[in-house]
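Subject: Handover of a structure

Dear colleague,

Please find the structure for your review below. My notes on what was found in it follow directly after.

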Amino acid sequence: MKSLLYKYRKFFLVLFVFSAITISLFYSALKPSRTLPIYNPADVNPELVDSTMQYKSKYHTIADFAFVNQNGDTVTQKDYEGKIYVADFFFTTCGSICPKMTANLADVQKAILNNPKVKLLSHTVFPETDSVPVLKAYAIKNGIIDSKWNLVTGDKKEIYTMARKSYLAVKLGRPDQLYDMVHTENFILVDQKRRVRGFYDGTKKEDIQKLIEDINFLSTE
């Protein structure tokens, strides 16, 4: 028996290698590759989407924008071109969910600090009170790094339009106040092609961890 094995050792070696490769390829073919969904308005809770957009089921992208950040600089889509970014909506005097959201987004900032592909973008929903100096003080207080994270203010109608028509992220406010809106706890993940790829509860640590993992995944696509 030993002599037989020795005689055909090369054949058995080749057979073993071939079998290992075949099994590996078969396993890879069966194992689903990881992916992230691409969200369109029709996929999202209608309460968070402008009524004119709720029917749209494909090809949704973030619209162009121009807002002013905590340093008084104009921030546009060009500043985020080809970037992965996380967007959210807040206001500086919010005492409920905003402090926790900001603290959690600061953790995301730490995680992406050395990743040049990723930035953050926070929009105030109270531009009438969140002026540039107010945003700057808030940025300093929360350790916001200007090169990674923009806090922006601007025309309330334009912010409202971005929130409900692009980011699909905020609820309507009081009907007696035009362009009033209620921000949610949502963080919105946007990819390099301006597509919405995920929504995350900005108050939950487990969602923040998933957000960081999904950012890293998109960074390798």
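Cys98 is buried, with a relative accessible area of 1%, where buried means under 20% relative accessible area, exposed over 50% and partly exposed in between, for a 1.4 Å probe and protein chains only. Cys94 also counts as buried, because its relative accessibility is 8%. The count of disulfides comes to 0, a disulfide being a pair of cysteine sulfur atoms within 2.5 Å.

This is a predicted model, in which local features need pLDDT of at least 70 and side-chain atom pairs count only at pLDDT 80 or more, while totals for chains, interfaces and linings use all residues. Residues are numbered from 1 along each chain as its sequence is written, and side-chain values use heavy atoms, with hydrogens and water left out.

An open sheet of mixed pairing is formed by 5 strands in the order β5-β4-β3-β8-β9. Helices (H or I, at least four residues) and strands (E, at least two) are DSSP runs numbered from the N terminus, and two strands pair if DSSP finds at least two bridges between them. The edges are β5 (149-152) and β9 (196-201); each has a single partner strand, so one side of each is left without a neighbour in the sheet.

Strand β4 (residues 118-124) runs parallel to β5 and is joined to β5 by 4 bridges. In this pairing, Leu120 stands opposite Trp149 in β5.

Helix α5 (residues 156-166) packs on the sheet and touches β3, β4 and β9, contact meaning heavy atoms within 4.5 Å.

Notes. Axes fitted to C-alpha atoms, helices over the stretch in contact; angles between N-to-C directions.
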